[in-house]
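Here is a short report on one structure.

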Amino acid sequence: MPDQRLRPSFVNARPLALVLFGPPGSGKGTQSKLLMKEFGIPQISTGDMLRSHVRSGNALGAAVEAKMKAGVLVKDDVVNRLVEERLKQPDCERGFILDGYPRTRTQAEALCSLLIARGFDYVVVHLLVDYNVIIARLTGRRQCPVCGTLYNAISRPPKVPGVCDVEGAQLIVREDDREAVVRERLDAYQNQTRPLIEYFKEKGRSLFEIDASHDPPEAVFRKIEGLLQKQ
Ligand code: AMP
């Protein structure tokens, strides 16, 4: 019995990969979580996967930690392998949301080959956000070191300043949300990731642009949902 929350494109047609595309701070993580809840398909965030390797202190984590702290991209073959392994899990069979991947042309090519081999279709949703809004969002971001919940001094403050609503833990600034690192991450986006828009256009894929600068997350989510229903 198919999950009733799934739209037809995730059930009847070819399974669909949804690529959420946009600069750091454009709300990809927030939208992924809303979409995951609505459609019952997993969020695949390469940033989260890499952070969990860093936390566990394994060899892969040690190899990528310095790059992540500096706000530069880790090697393509590392993330490509992580994604390839993750997509083999049964929960990805009907579709999935990619958050923060692909970020380079090599990654996009690896992803396309994987999707073709496995009979997946994909759509790309590009979240557009003003540069100054991104800086304000990222530098105002605070995270619970225990449960990972993200807060924002302006748009999503905790009930008690500086304290996690869920865990009661003291919130921290993620190492890569410090201003100098934020600028590095935005440079990486501008130089290595943004040009992928041309790549997707060349491929003739469904590429949708959504203005996500000022609308609240629920309004952005409804726009994405509207696009997916037409697929
Ligand atoms: P994120 O949480 O998606 O902003 O990712 C945090 C950091 O993880 C990035 O600044 C990169 O250092 C690394 N990272 C995440 N995803 C990728 C990717 N697809 N390619 C290369 N590096 C990545």
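## Cysteines

Cys 112 is buried, with a relative accessible area of 5%. Buried means under 20% relative accessible area, computed with a 1.4 Å probe on protein chains only. Cys 92 is buried too, at 0%.

A disulfide is a pair of cysteine sulfur atoms within 2.5 Å. By this rule the count is zero. Cys 92 is in no disulfide; its nearest cysteine sulfur, in Cys 112, lies 17 Å away. That distance is too far for a bond.

## Basis of the model

This is a predicted model: local features need pLDDT of at least 70, side-chain atom pairs count only at pLDDT 80 or more, and totals for chains, interfaces and linings use all residues. Residues are numbered from 1 along each chain as its sequence is written, and side-chain values use heavy atoms, leaving out hydrogens and water.

## The second largest pocket

The second largest pocket has a volume of about 170 Å³. A pocket is an open set of points on a 1 Å grid where a 1.4 Å probe fits, with protein on both sides within 12 Å along at least five of seven lines; lining residues have an atom within 4 Å of a point. The volume is the space filled by probe spheres set on the points.

Strand E4 (121–128), helix H7 (131–139) and helix H8 (179–193) each give two or more residues to the lining. H8 gives the largest share, four residues. Helices (H or I, at least four residues) and strands (E, at least two) are DSSP runs. Among the lining residues are Pro 23, His 126, Tyr 131 and Arg 194. The lining has eight nonpolar, two polar and two charged residues. Here Ala, Val, Leu, Ile, Met, Phe, Trp, Tyr, Cys and Pro count as nonpolar, Asp, Glu, Lys and Arg as charged, and the others as polar.

Definitions and conventions: Buried means under 20% relative accessible area, exposed over 50%, partly exposed in between (1.4 Å probe, protein chains only).
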